[in-house]
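Work through the exercises below with the structure open. Each task is followed by its solution.

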Amino acid sequence: MYNIYYFWFFYIHFFDSSTIAIMCASLALNSWLLYNFFMFSGWLHKKTENVPSSIGVWEKNFILLHRKNVRNQKRKKELTRLIRRFKSGSESLPDGVLVFKQRGVIVWCNSLAEELLGIRFPADLGQNIKQIIRTPDFINYLNSNNFDKPVEMPSPVLRTHILELRTMQYNEGEFLMIIRDTTQIKQLEDMKRTFFADASHELRTPMTVLKGYLEVSKNPNEIGDMWQRAHKVMSEQLIRMESLVEQLLTLSKLESDNDIDLNDDINLVTMLNQIEIEAMSLAKTKKQNLDFNVDKDIRVKGNEEQFRSVVTNLIFNAIKHNPNGIDVRVNLKKFNEGIMFEVVDTGRGIEQNHIERLTERFYRVDKARSRATGGSGLGLAIVKYSLNHYDTSLKIESKINEGSKFYFIIDAKFVLSQ
């Protein structure tokens with residue numbers, strides 16, 4: 001207490017009144033500035049939208065900073081929305097997308113690129129892609145810095161998949177890589193090549209026979225008694241070619257037409273009775289036992305011509321492509337989920353590696369035997385695409401030297417009466 005009195009006594013005696021006034025004013029100004037500074041600091045830390053109340057320059061600065069902050073917040077939200085839309089759009093792409101720097105450092109990728117290339121994002125962010133994907137073709141592609149043409153390579157994680165990689169300049173020092181899974185395209189191209197090769201081969205044989213007889217027929221005197229045999233063979237080959245063309249047209253229609261009329265009221269019992277008569281004569285020539293077990297009064301909604309083609313193919317295949325003396329049983333059964341049609345034989349059976357490919361066009365287990373029996377290799381392909389219209393598929397079970405079973409199930413929504 002005494003110290004304070006001494007301080008003021010000393011202060012008053014050694015400074016005049018004007019100096020004291022200046023110092024008091026300075027002290028007040030500094031106090032005001034300090035007060036505003038602490039208020040400004042607290043406002044920044046709290047990040048509240050309420051602007052502190054002040055006067056003069058401080059009030060103007062508070063208002064200016066608040067406006068800038070509002071603008072920055074809007075820009076931040078817009079940028080966040082833009083980034084979110086970009087990520088959402090990139091995830092919707094049918095291709096993988098990878099962004100990397102010139103030396104191969106990963107910047108960003110979408111989930112499909114992760115799946116196809118085995119990248120873990122963001123764990124692999126900043127990693128060199130060459131250390132993750134060690135496929136020689138890929139490393140040579142990146143090292144070449146020549147991205148004018150795409151490169152193909154097997155997926156490092158999905159070995160059965162083929163990838164096509166296209167790279168382009170994305171930003172300064174950055175590149176954008178598009179990863180496309182071309183496995184299905186390659187398979188379709190292979191199937192297309194196989195189809196044309198097989199179709200050409202199938203047509204070449206009867207055309208060669210016809211061409212040979214036509215060349216001989218240029219000189220009628222050389223034909224003589226051979227004409228009757230030549231006429232018979234040419235007729236058979238023409239019938240074979242006509243059947244092949246008809247099957248190809250049918251298959252093409254089934255593959256391309258998704259609006260096939262399925263409104264026919266098909267009496268399956270009547271249909272199978274007619275087919276049984278036709279099949280019985282063929283079975284007798286091979287001394288096979290053919291047995292039909294059909295539940296009564298089964299009618300389905302569908303395309304009658306198409307359905308007849310399906311059951312006929314399955315029944316006659318079992319008879320034609322099996323040895324003499326075997327049993328063939330045709331069953332049509334009702335149950336809660338719909339109906340089941342099956343053809344069971346006690347023939348030679350089919351090896352498991354062939355079963356998955358039986359419905360491919362022109363595929364044969366034994367080509368020589370199939371041609372001898374008049375098979376074109378299109379029957380089961382027609383069955384497959386026909387059943388697609390009924391939302392079902394052909395099932396095949398077989399054991400060597402024990403026999404085979406071909407069957408399918410028609411859903412209750414197609415059944416008119418049970």
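**Exercise 1.** In S2, which residue is the bridge partner of Val99?

Solution. The model is a predicted one. Start with the strands: S1 covers residues 96-101 and runs antiparallel to S2, to which three bridges join it. Within S2, Trp108 is the residue that partners Val99.

**Exercise 2.** Give the strand order of the open sheet, and name its edge strands.

Solution. The sheet has five strands, in the order S2-S1-S5-S4-S3, and the pairing is antiparallel. S2 (106-109) and S3 (151-154) pair on one side only, which puts them at the edges. On average, neighbouring strands are turned by 30 degrees against each other, with direction ignored.

**Exercise 3.** Which strands does helix H6 touch as it packs on the sheet?

Solution. H6 spans residues 136-144. Its contacts are with S1, S3, S4 (162-171) and S5 (174-181). The direction of H6 makes about 20 degrees with that of S4.

**Exercise 4.** Describe the packing of H11 and H14 by angle and distance, then classify the angle.

Solution. Two values are needed, because a pair of packed helices is described by the angle between the axes and the distance between them. For H11 (residues 304-320) and H14 (residues 379-388), the angle is about 140 degrees and the axes lie 9 Å apart. That angle makes H11 oblique to H14, since only angles over 145 degrees count as roughly antiparallel. The crossing of H11 and H14 is left-handed.

Next, list the contact. From H11 come Gln306, Ser309, Val310, Asn313, Leu314 and Asn317; from H14 come Gly379, Leu380, Ile382, Val383, Ser386 and Leu387. Sorted by type, the residues of this contact are six nonpolar, six polar and no charged.

Notes
Residues are numbered from 1 along each chain as its sequence is written. This is a predicted model: local features need pLDDT of at least 70, side-chain atom pairs count only at pLDDT 80 or more; totals for chains, interfaces and linings use all residues. Side-chain values use heavy atoms; hydrogens and water are left out. Axes are lines fitted to C-alpha atoms, for helices over the stretch in contact, and angles run from 0 to 180 degrees between N-to-C directions. Helices (H or I, at least four residues) and strands (E, at least two) are DSSP runs, numbered from the N terminus. Angles under 35 degrees count as roughly parallel, over 145 as roughly antiparallel, 65 to 115 as roughly perpendicular and the rest as oblique. A crossing is left-handed if the near helix is turned anticlockwise from the far one by less than a right angle, and right-handed if clockwise. Contact means heavy atoms within 4.5 Å. Ala, Val, Leu, Ile, Met, Phe, Trp, Tyr, Cys and Pro count as nonpolar, Asp, Glu, Lys and Arg as charged, and the others, Gly among them, as polar. Two strands pair if DSSP finds at least two bridges between them.
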